[in-house]
Amino acid sequence: MSAPRVVQKEGEEVPVEVLASAITAIAAGMERVNKSRLTRRALVILLNAETKVPFYAIEKVLNGLDDLEKTYCKPRAKK
């Protein structure tokens with residue numbers, strides 16, 4: 001199987017390393033949110049109040065963001 005290709009604009013490929021870096025940055029941001037004083041429930045309530053998106057959908061997106069790196073990136077090699 002060949003390496004996956006990511007196309008951002010027609011005819012322009014994005015290197016997998018760039019995508020992996022972005023996913024890692026998102027995962028780090030979610031980790032900071034999860035460690036903040038704001039509870040998960042409060043975050044969901046605030047997002048629901050602002051967007052009117054249903055609670056279950058917000059939870060599903062937050063869960064997906066929590067698992068993004070684990071799902072799409074290989075574990076880092078231990079030094």
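Let me begin with the conventions. Because the model is predicted, local features require pLDDT of at least 70 and side-chain atom pairs count only at pLDDT 80 or more, while totals for chains, interfaces and linings use all residues. Residues are numbered from 1 along each chain as its sequence is written, and side-chain values use heavy atoms, with hydrogens and water left out.

I turn to the overall architecture. The protein chain contains 3 helices and 2 strands; helices (H or I, at least four residues) and strands (E, at least two) are DSSP runs, numbered from the N terminus. Read from the N terminus, the order of elements is β-β-α-α-α. Of the 79 residues in the protein chain, 15% are buried. Here buried means under 20% relative accessible area, exposed means over 50%, and partly exposed is in between, with a 1.4 Å probe and protein chains only. The chain exposes about 6,900 Å², and carbon and sulfur atoms supply 59% of that area; accessible areas come from the Shrake-Rupley method with a 1.4 Å probe, and for residues only the protein chains shown count as cover. Among contacts with a separation of 6 or more, residues 24 or more positions apart account for 36%, a contact being heavy atoms within 4.5 Å.

Next, helix α1. This helix has 20 residues and reaches 29 Å from its first C-alpha to its last, close to the 28 Å expected at 1.5 Å a residue; the expected span is 1.5 Å times one less than the number of residues. Which residues of α1 are buried? They are Ile23, Ala27, Gly29 and Met30. These residues cover an arc of only 160 degrees around the axis, which puts them on the same side of α1; the arc is that of the directions from the helix axis to the C-beta atoms. The face turned away from this buried side carries the exposed residues Glu17, Arg32 and Lys35. The cover over the buried residues of α1 includes α3.

Helix α2 can be described in a similar way. Its 12 residues should span 16 Å at 1.5 Å a residue, and the end C-alpha atoms are 16 Å apart, which agrees. Leu43, Val44 and Asn48 are buried in α2. Seen down the axis, the buried residues of α2 fall within an arc of 130 degrees, so they line one face of the helix. Leu46 and Glu50, on the other side of α2, are exposed. Both α1 and α3 are included in what covers the buried residues of α2. After α2 comes lysine 52, whose phi is positive, near 65 degrees.

In soluble globular proteins, nonpolar side chains tend to be buried together. In this model, the largest nonpolar core has 5 residues, namely Met30, Leu43, Val44, Ile58 and Leu62. α2 and α3 each supply at least two residues of this core. The term denotes a set of buried Ala, Val, Leu, Ile, Met, Phe, Trp, Tyr and Cys residues joined through side-chain atoms within 4.5 Å. Not counting residues up to four places away in sequence, methionine 30 touches Leu62, Leu65 and Asp66.

Finally, the charged pairs. How many salt bridges does a search of the whole structure find? The search finds 4, a salt bridge being a side-chain nitrogen of Lys or Arg within 4 Å of a carboxyl oxygen of Asp or Glu.

One of them joins lysine 35 and glutamate 31, at 3.2 Å from N to O. The two residues are 4 residues apart in helix α1 (residues 16–35), hence separated by about one helical turn. Lysine 35 is exposed, with a relative accessible area of 66%, whereas glutamate 31 is partly exposed at 44%.

Another salt bridge links glutamate 59 with arginine 40, the closest N and O atoms being 3.8 Å apart. Glutamate 59 lies in helix α3 (residues 55–72) and arginine 40 in helix α2 (residues 40–51), so the pair ties together parts that are 19 residues apart in sequence. Both count as partly exposed, glutamate 59 at 26% relative accessibility and arginine 40 at 25%.

Within helix α3, aspartate 67 and lysine 70 are 3 residues apart, about one turn of the helix, and their closest N and O atoms are 3.3 Å apart in a salt bridge. Aspartate 67 is partly exposed at 32%, and lysine 70 is exposed at 65%. Salt bridges that share partners also join Arg40, Glu59 and Asp66 into one network.
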